[in-house]
Each structure stands twice: as C-alpha cells, then as structure tokens.
Amino acid sequence: MRAYLRLLGSGDFGRLWFGASVSLLGDGMTLLALSWLVLNDGGTAQLGLLGVCFTAPVVLGGLAVGPLLDRFDKRTVLIADSVIRALCVASVPLAAALGDVPTALPFVVAAVYGLLKMVPLAGFPAAIPQLVDGPDLDTANALESLSFSVATVVGPALAGVLVDAMGAPNVLLIDAASYLVFAAVVATVRRPLVPPGKRAADGPGEPGTKTSVRVVGRDKVIVVTTAAFMAFNIADGMLLLVVGPWLAKNELGGASALGALMASLAAGEFVGASLAGARAGRGSVRRIGWCQAGAALGFLAVLAVSQPVVVGIGYFCVGLLSAPMTVWAQSLRMRRIPPEMHGRAFAALRTLMQGTSPVGSAIAAPLLLHGGIGWSAAVMVALAGLPGLWLLRYSGQEETPPAGTPAPAERTEVG
C-alpha cells in the first residue's frame, strides 16, 4: 500500500485520479438510468437502439480525440469534455422537472456520451507519463485500472438502488454533478499537460509527426501486444456479452447468478491490478504472455455448468490474470511511444479495444446455437491463449529501443 499512498498523495496525479474515479462512477450510473428510462417508455426494441447510440459513435470520437489531446493542453480538453457532458446529461432531469422527457432525448444523450467517451479514456493515460516518474508508471496504471473496475461494479449497483428511491432522472443529475467535480479537480492540476517538447503552435501536420507514426507502426512490441490484446478482448466479449448471460439464465439460476459472476470477475481484476502496481518495473512481454495464456485457462470453467462455484472461480482467475497484463502493457506503451504521440496512440488503441468486444458477441451467439457450450469454451480459450503464447517469441524485445529511435551515441553527440 505504501506505493499507492505515496503516489496518491503526490499532488497533481492524485487529484486527477480522484476526479476521474468520481466521473467513472457517475458513468456507471448513467447507463442503467438511461436504460431504465427507455425500458419504461419504449420496451426492449428501443433498448437495443440505445445500445447502438452508446457504442457506434465511439469509433468516430476516438479518431477525433487523439489529435486534440496532442494539440492542446490535456487539462483544457478534459474540462471542456466534462462541462459539455454535464450539460447534456443534466438535460434529462431538467426536462423531467419541466414536465416530460422527450422520447428522443435519452438517445441523444447516449450518442453524445459515446462520441466523447474516448476523451477521458485516452486523456488520462496520455497524461500519466507527464505526472509521474518512470518507476511509478506501473503503480499509476494499476490505480487507473482499479478505479475503472470498481466503478464498473459499484456504479450500476448503486444506480439500481437509487433509481427505485429517487427516479432515473435524478440519478442522471448525480452523474452530471460528477462531471462537474472532475472538471473542477482538473482545473486544480498545476502542471501543464501539453506534449513534452511540443510548441503551442504545432499542429498535426508539422514535421516529425509522420515520422512518429511510422515509429509506432514499426515497433514490434506495440504491434504484437496490441494484436494479442484484441484477440483476448474478442474472447472476453464472448464471455461477458453472450456466454455468461446464457449460462446464468439456462444453467445457473438467473440474473442473481450473473451478478455474482460479474462480481467475481471484478474482484479478480481488483486483486490482479493491485499486485501488478505494487512493485515497479515488473512488467515484460514474457510476463504479459504468460498472464494472457493463464487467463485463457479460466474460460474453461464455463464447462462446469452444474457447479456455479467453479464457474465463479474461473471468472475470478480471468480477472486476476488479465488485469496485470493490462497494467504492464500500458506502461510499456508509455515508455516506447513518443510523448508527442501519446494522445493519438492511446485514443486509437483504446478505440480498437472497445471495438473488439462486440465481435465476440457476434461469434458466440451462433457457436452456442450450433455447437453448444463446449465449442464456445474451446474458441474462447484459443482466442485468448494462443496469442499469449505467441507473445513469448518476443520475450526481451521490450529492452530494445523502438524502431527509428536514435542510438544512445547519436543522442549524446546531438546533446
């Protein structure tokens, strides 16, 4: 705990982490509150449309967010995003207070949320290397992972209680307030968050940017870890979006069982991220590969359909081993990607990750229908585990500088 407490008490990073955690908690409440509003007014078909509004704009927003983060002070971008989303979300309780919520308004709010989702998801990790020293990157990335995992579980659970107590529109008012808290906290960050060494007048077309893009694309460590994670996320999407709900409904007793499985996964992620960030510099391509291969074995637990405890242990193991590989891979990227590219790089990478999970749901549904749980488990293990073993081929390459980086002697001569 000393490493975490020291970093949280260090000033700017601790404040930014607190504000982001509050905002994430509000986001978890918004999804449930909007879903409840739509279910009451339009039914299941409209709920599917709401899901499209939440997810489809993410790709478009992710493409636009990266250049903004690399062009402007990240504090300015995060504050503007929070204020815009606060006003957008607050429009629902305001409309309810004035009489009635227009039918289209929840869908507009969901679309704006999806369009701007990548601003904090890319902006926070892009800011981390500017707020903490290199040895603390693992700890900082673990803290980001922890806040995300906790908010994903606590937000919807808290919203479920509050919707019954105060109504869905008032729950959205809490989320709007959480955005304003984030904006206020970001405003207290004293350290400028412009890309290091980048002039205020520089733009995306300035010399050096294309070179940086090529450097990232030629970096085998970045390319292979990203490809492996995308494959793992497809398997994860199969489990979370289709296989898990199917098991809960048909084999394990209903919605309460699904809630218990998700809690087990989140608990595993919490423990795994805590362990990964407790000591600096332990991440490597080799350890990432072994963790991914080990997490893949956890998917086999879905075969124990008559033993809910075994299935829950499998979920816990998936979370326990996937969280460290996420923390370590993010630290590797921060060290290897040129600082002036952090905004675009993290926006692009996280957009890719967001886009691969739905692919899993498209694969899992026909597999369950025609092949049953056995084939589904086999495909999940293969998608998650084989890329992890493939990463072992690149063990030790994180020690080499990225392609296109000047050699140490050259940097000395320039200096």
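The lining of the second largest pocket comprises 13 nonpolar residues, three polar residues and no charged ones (Ala, Val, Leu, Ile, Met, Phe, Trp, Tyr, Cys and Pro count as nonpolar, Asp, Glu, Lys and Arg as charged, the others, Gly among them, as polar). The model is predicted, with local features requiring pLDDT of at least 70 and side-chain atom pairs pLDDT 80 or more, while totals for chains, interfaces and linings use all residues. Residues are numbered from 1 along each chain as its sequence is written, and side-chain values use heavy atoms, without hydrogens and water.

The volume of the second largest pocket is about 280 Å³ (a pocket is an open set of points on a 1 Å grid over the protein atoms alone, where a 1.4 Å probe fits, with protein on both sides within 12 Å along at least five of seven lines; lining residues have an atom within 4 Å of a point). Trp17, Leu143, Leu146, Val150 and Phe270 are the closest to the pocket centre among the 16 lining residues. Two or more lining residues are given by each of helix 1, helix 2 (12-41), helix 8 (137-166) and helix 12 (255-278) (helices are DSSP runs of H or I, at least four residues, numbered from the N terminus). Helix 8 provides the largest share, five residues.

Ala3 lies in helix 1 (residues 2-8). Ala3 is classed as buried because its relative accessibility is 17% (buried means under 20% relative accessible area, with a 1.4 Å probe and protein chains only). Beyond neighbours within four places in sequence, Ala3 contacts Thr139 and Ala278 (heavy atoms within 4.5 Å). The C-alpha atoms of Ala3 and Asp136 are 8.3 Å apart, at a sequence separation of 133 residues.

Definitions and conventions
Buried means under 20% relative accessible area, exposed over 50%, partly exposed in between (1.4 Å probe, protein chains only). Grid points are joined across faces, edges and corners, and a volume is the space filled by probe spheres set on the points.
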